[in-house]
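Morning, everyone. Please have a look at the structure before I start talking.

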Amino acid sequence: MSIQPSSRKPRVAVVFGGRSSEHAISVLTAGAVLSAIDRDKYDVLPIGITTDGRWALTADDPSRMAIADRALPSVEQLAESSDGTVMLPVDPASREVVYSEPGSVPKALGDVDVVFPVLHGPYGEDGTVQGLLELSGVPYVGSGVLASAVGMDKEYMKRVFSSFGLPVGPYVVIRPREWENDPAAARKAVVDFAADHGWPVFVKPARAGSSMGISKVDDLAGLDEAIEEARRHDPKVLVESLLRGREIECGVLEFEDGPRASVPAEIPPVTAHDFYDFEAKYIDSAEGVVPAPLTPEQTAEVQRLAVAAFDAASCEGLVRADFFLQDDGEFVINEINTMPGFTPISMYPRMWQESGVGYAELVDRLIQAALRRPTGLR
């Protein structure tokens, strides 16, 4: 039952796309979410953000938000105008969305009760859009400013987890000035790290997702190229040691009585790829095993750690927590994702489906959780 005081249906603005390198993944997620929202229960307003940052009114057509012949979709393909702009309210007393085009009178699109920001990566999942919505006084699905920022920056995510006693793997950070001003010293820091923890290492952007810009580096010869590839997505680079073991994921969802963990999943070794990279996830559709073949004790432990990570970062709504189950039987948390993919092959909805929460109910629970929460300090 809707918590809205008026008799009209709550209006959900699904915001997707964005300026990050995960633009297309966001469009895929939006297509799945738009297909699942109960139109008898909610009114829906799709809003796309183009790759250059323009907020555009888009077609409400999930069929066009899919991979076709290995080609990824974009907001530019869906926008109803090449220069029209959607503007959210800047006054917390108003939730009216306005659409304008050059040379035309702005048109009111009506009030929005909640925003579902299915944005991945910087300029969306990292607290920036969440801050805008806080200023506007509009409720939204998912974590707030702090948790979103922590969940995007892998360095500070690991620092937060460590401070709460959660197990994390070894890593070293290459900051922008270090690589730009003294690459030899930055290179030596990685070599020293590898001397302690061994080759290969994984070089990745510190603030990106969907396995964008990640390289597996076997020795010093491939290091510079890997760093430059990571820096195409983020000037700050994270270098991690290889953790030998099984890749285990677990979903966390906010219920009325607090966060609960799903059954976990396992990502099996990907034979056609060096690791679980972007192509394996989204183009070649690597399959995860749900539920993961774990002992009851291992399942309980990874669920405990997933909820602990959710709480440590002050998350809200949803999180997918990714772990390594090492050969010694201990779990190490790799990262959390505060807005995991909702594509048909995405692990988060698959884990909850196996846990008894179907896709449509999952989307509804997230919207209702957002409607229950106020904006501002909480």
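Let me begin with a term. A helix here is a DSSP run of H or I, at least four residues long, and helices are numbered from the N terminus. By that count, V307 sits in helix α10, which spans residues 296-312. One more thing before we go on: this is a predicted model.

Stay with V307. Is V307 buried or exposed? V307 is buried, because its relative accessible area is 18% and buried means under 20%. Which residues does V307 touch, leaving out those up to four places away in sequence? They are V252, P259, R260 and A261. Now look across to F164. V307 and F164 are 143 residues apart in sequence. In space, their C-alpha atoms are 12 Å apart.

Next, the aromatic rings. How many aromatic pairs does the structure hold? There are five. Take F255 and W352. Their ring centres are 5.8 Å apart. Their planes meet at 50 degrees, so this pair is tilted. F255 belongs to strand β12, residues 245-255. W352 belongs to helix α11. That is a link between distant parts of the chain, 97 residues apart. Both F255 and W352 are buried.

Now a second pair, F342 and Y359. Here the ring centres are 5.9 Å apart. The planes are at 85 degrees, so the pair is edge-to-face. F342 is in the loop between β16 and α11, while Y359 is in helix α12, residues 359-372. The pair therefore ties together parts that are 17 residues apart in sequence. F342 is buried, with a relative accessible area of 0%. There is also a cluster: ring pairs link F116, F342, Y348 and Y359.

T343 counts as buried, at 4% relative accessibility. How far is T343 from G222? The two are 121 residues apart in sequence, and 33 Å apart in space, C-alpha to C-alpha.

On to strand β16, residues 331-337. N337 lies in this strand. N337 is buried, at 12% relative accessible area. A polar atom of the N337 side chain lies 3.1 Å from the backbone nitrogen of M339. Setting aside neighbours within four places in sequence, N337 is in contact with E125, V319 and R320.

Now for helices against helices. Start with α1, residues 23-36, and α12. Their axes come within 9 Å and cross at roughly 95 degrees. α1 and α12 are therefore roughly perpendicular to each other. Who meets whom? From α1 we have A32, V33 and A36; from α12, Y359, A360 and V363. What kinds of residue make up this contact? Six are nonpolar, with no polar and no charged ones.

Last, α4, residues 145-152, and α5, residues 154-163. Their axes come within 5 Å, crossing at roughly 110 degrees. So α4 and α5 are also roughly perpendicular to each other. On the α4 side are V150, G151 and M152. They meet K154, Y156, M157 and V160 in α5. This contact divides into five nonpolar residues, one polar and one charged.

To wrap up, here are two things to find on screen. One is the ring cluster of F116, F342, Y348 and Y359. The other is the crossing of α1 and α12, at roughly 95 degrees.

Conventions. Residues are numbered from 1 along each chain as its sequence is written. This is a predicted model: local features need pLDDT of at least 70, side-chain atom pairs count only at pLDDT 80 or more; totals for chains, interfaces and linings use all residues. Side-chain values use heavy atoms; hydrogens and water are left out. Axes are lines fitted to C-alpha atoms, for helices over the stretch in contact, and angles run from 0 to 180 degrees between N-to-C directions. Helices (H or I, at least four residues) and strands (E, at least two) are DSSP runs, numbered from the N terminus. Angles under 35 degrees count as roughly parallel, over 145 as roughly antiparallel, 65 to 115 as roughly perpendicular and the rest as oblique. Contact means heavy atoms within 4.5 Å. Ala, Val, Leu, Ile, Met, Phe, Trp, Tyr, Cys and Pro count as nonpolar, Asp, Glu, Lys and Arg as charged, and the others, Gly among them, as polar. Buried means under 20% relative accessible area, exposed over 50%, partly exposed in between (1.4 Å probe, protein chains only). A polar contact is a pair of N or O atoms within 3.5 Å; within protein, one must be able to donate a hydrogen and the other to accept it, and residues adjacent in sequence count only if both atoms are side-chain atoms. Rings of Phe, Tyr and Trp (its six-membered ring) pair if their centres lie within 6.5 Å; planes under 30 degrees apart count as stacked, over 60 as edge-to-face and the rest as tilted.
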